[in-house]
Amino acid sequence: MAILPAYQYRGMGSQLVEAVLTACHHTPYGVVVVLGHPHYYLRFGFVPAKPLVIVWEHDAPEEAFMVKEIQEGALAQTHGVVKYRSEFATV
């Protein structure tokens, strides 16, 4: 997710994150992962993933790869390597 600099600090990013998290509650998935600025995503309930034994397939700053539980109890049974779908490699 990105907001053009001219439109930042107007709450648009927060609205997008909240809308996505709301939509995620209507899926069968239990957790959401994000690679982003930790200070930004912590306020939405994301926490560092590595202490939960969840890592990304690529190198990234440990504090920037985070996870949020959206189905109660999902993090207790989730661990391993997160791999992006092949479509992300073409961007």
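Author: Helices (H or I, at least four residues) and strands (E, at least two) are DSSP runs, numbered from the N terminus. Read along the sequence, this protein runs α-β-α-β-β-β-β. That comes to two helices and five strands.

Reader: What kind of model is this, and how are residues numbered?

Author: The model is predicted: local features need pLDDT of at least 70, side-chain atom pairs count only at pLDDT 80 or more, and totals for chains, interfaces and linings use all residues. Residues are numbered from 1 along each chain as its sequence is written, and side-chain values use heavy atoms, with hydrogens and water left out.

Reader: What does the C-alpha trace of the protein span along its principal axes?

Author: About 40 × 30 × 25 Å. The accessible surface is about 6,700 Å² (Shrake-Rupley method, 1.4 Å probe; for residues, only the protein chains shown count as cover). Carbon and sulfur atoms hold 59% of that surface.

Reader: How do I read a sheet, and in which order do the three strands stand?

Author: Strands of a sheet pair through backbone hydrogen bonds, either parallel or antiparallel. Here two strands count as paired if DSSP finds at least two bridges between them. The open sheet has the order S1-S4-S2, with antiparallel pairing. S1 and S2 (47-48) stand at the edges with a single partner strand each, so one side of each lacks a neighbour in the sheet. S1 (residues 31-35) and S4 (residues 65-69) are joined by five bridges in the antiparallel sense. Across that pairing, Val32 stands opposite Lys68, and Val33 stands opposite Val67.

Reader: Which side chains of strand S1 point to one face, and which to the other?

Author: In a regular strand the side chains alternate between the two faces of the sheet. In S1, Val32 and Val34 point to one face and are buried. Buried means under 20% relative accessible area, exposed over 50%, partly exposed in between (1.4 Å probe, protein chains only). Of the 91 residues in the protein, 27% are buried.

Reader: Which residues make up the largest nonpolar core?

Author: In soluble globular proteins, nonpolar side chains tend to be buried together. A nonpolar core here is a set of buried Ala, Val, Leu, Ile, Met, Phe, Trp, Tyr and Cys residues joined through side-chain atoms within 4.5 Å. The largest has 10 residues: Val17, Leu21, Cys24, Val32, Val34, Tyr41, Phe44, Phe46, Met66 and Ile70. H1 gives the most, with three residues. Apart from this core lies another, of seven residues, among them Ala49, Trp56, Phe65 and Val82.

Reader: With which residues is Val34 in contact, leaving aside its neighbours within four places in sequence?

Author: Contact means heavy atoms within 4.5 Å. Val34 touches Tyr41, Phe46, Ala64, Phe65 and Met66 in this way. Across the protein, take contacts between residues at least 6 apart in sequence: 64% join residues at least 24 apart.

Reader: How many aromatic pairs are there in the whole structure?

Author: A pair of aromatic rings is described by the distance of the centres and the angle of the planes. Rings of Phe, Tyr and Trp (its six-membered ring) pair if their centres lie within 6.5 Å; planes under 30 degrees apart count as stacked, over 60 as edge-to-face and the rest as tilted. The search finds six pairs. Tyr41 and Phe46 have ring centres 5.7 Å apart and planes at 85°, so they are edge-to-face. Both Tyr41 and Phe46 are buried. Trp56 and Phe65 are stacked, at 6.2 Å centre to centre and 15° between planes. Trp56 is buried at 17% relative accessible area, and Phe65 is buried at 5%. Tyr40, Tyr41, Phe44 and Phe46 form one aromatic cluster.

Reader: How many salt bridges are counted?

Author: Side chains of opposite charge can pair when their charged atoms come close. The rule asks for a side-chain nitrogen of Lys or Arg within 4 Å of a carboxyl oxygen of Asp or Glu. It gives two salt bridges. In one, the closest N and O atoms of Lys50 and Glu62 are 3.7 Å apart. Lys50 lies in the loop between S2 and S3 (54-56) and Glu62 in the loop between S3 and S4, so the pair ties together parts 12 residues apart in sequence. Lys50 is partly exposed at 48%, as is Glu62 at 46%. Glu87 and Arg85 also meet in a salt bridge, at 3.1 Å from N to O. Glu87 is partly exposed at 43%, while Arg85 is exposed at 59%.
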